[in-house]
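The entries below follow the order in which I checked them.

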Amino acid sequence: MFSRILIANRGEVAVRIIRAAREMGIETVAVYSTADKDSSHVKLADQAICIGPPVASESYLNIPRIISAAEVANVDAIHPGYGFLAENAHFAEVCASCNIKFIGPSVECMNLLGDKVSCKQLAIKQKVPTSPGSKGAIDSEDEALKIAKQIKYPVIVKAAAGGGGRGMRVAHNDIALRKAFQQAQQEAQAAFGNPTVYVEKFIEKARHIEVQIMGDEHGNVVHLWERDCTMQRRHQKLIEEAPCPILTDDERKDLCAAAARLCRAAKYAGAGTVEFLMDGKSRTFYLMEVNTRVQVEHPVTEAITGIDIVKMQIRVAAGEKLPFTQKQIKRNGHAIEVRINAEDPARNFTPSPGKITNFDPPGGPGVRVDTHCYGGYVVPPNYDSMIAKLIVHKPTREEAILGIRRSLREFNVQPIKTTIPLHQDLMVNGNFRRSDIDIHFVERLLEHKPG
Ligand code: MV4
């Protein structure tokens, strides 16, 4: 096992990783930008090293500075958390060349699954359902039009290097597709330095359902069941839950097995997530992408399975075998997570950074709050606006909803604006309660109720 690890991240996830490491007897080294000098992760780690100014490119995204800190602190491994460098295969390569274990899947795995074209080709080979479309990359407008003629409109043009909603365009006819193709290519080149795009059928009224995967370096891959992340706005998830409330046991088994099959074929080691779209009408599944990191919403899976995903990441990175078989991974009850962001929902979610004078999180049975905030903390304007995650685990979904409502009432954050009132509204929304929603639900809801 490692003696000391560096956490190449900030915020609640840095705190989450420090806690896991400490319970495992592993020393922790935090890195921080000058904007984060008073953040909890700096105080909780055994050691903290300032790596630069607030702008992420000169701190949390700066590979030489993070590697320097790791060398100075003499760590065995680096945990990248989520965001920042978590899915950067080049960073994982640099870690390896410095004899530092990157806590995540292999470089080969990150490259294979991170490229959506090669990922989709592997999925097709493994009989994992994908949206009909081009066999691989598309080089010309005419080729895109030919595919669209076969699969019919609407179609979506996606960047091979994209993900999380960046570098994609929907088209409903030939003229729009020509434009979408050019735009997607240019955007992909500008954003990822890779213009490769592909075309597939656009799934309307979809749900977002994802499967948690864990693999080890001995060829074992299991799934930890699924999460429903349909409640989102502009590719930012708002509410996540496990299990997905609308799946039958047969659908669940098929979906989770397909995700595990894909990762087994990729020789996946570590924690990963296979994202799917579910067509609400036909109930058909289509692979969307694979995320080769621990995700923000991992706690709902931890709640229903009783497995500590971050500890498991560290153990398999240290070469240990998974301590359970697929059959031993049971589901228990229902968990819901709501993301509390420092944003004003009444003003189109404009960021609301600044000093938090009062920060009183809820507690009680089945309630978990993951946060780096405290009374007196100043939310810097430089990073994403998530200040806390509230996770409630209860025997049933109805009880979990009641637990979230009660916890949100207790949660006192002053004086900055947060998404707490929005979540209170969503918890009593009839569509949410019936889980009768698709990925466009929040946008539709807010359009109809301005201000
Ligand atoms: C799609 C799609 C519909 N059909 N692919 C968005 C993020 C990126 N991972 C892929 N995304 C989508 N891919 C096909 N074939 C709709 C989306 C999509 C979406 C997916 C999940 C959550 C929110 C979304 C919002 C808009 C579009």
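In what order do the five strands of the open sheet stand, and is the pairing parallel or antiparallel? I found the order 3-2-1-4-5 with parallel pairing, where strands are DSSP runs (E, at least two residues; helices are H or I, at least four) numbered from the N terminus, and two strands pair if DSSP finds at least two bridges between them. Strand 3 (47-52) and strand 5 (101-102) each have a single partner strand, so one side of each lacks a neighbour in the sheet.

On provenance, I noted that this is a predicted model in which local features need pLDDT of at least 70 and side-chain atom pairs pLDDT 80 or more, while totals for chains, interfaces and linings use all residues. Residues are numbered from 1 along each chain as its sequence is written, and side-chain values use heavy atoms, leaving out hydrogens and water.

Back in the parallel sheet, I looked up strand 2 (residues 27-33), which pairs with strand 3 over five bridges, and there Ala30 has Ala48 as its bridge partner.

Next I turned to the open sheet of three strands, whose order is 7-6-8 with antiparallel pairing. Strand 6 (residues 155-163) is joined to strand 8 by five bridges, and Ile156 stands opposite Glu200 of strand 8. Helix 6 (residues 116-125) packs on this sheet and touches strand 6 and strand 8, contact meaning heavy atoms within 4.5 Å.

How values were computed:
Axes fitted to C-alpha atoms, helices over the stretch in contact; angles between N-to-C directions.
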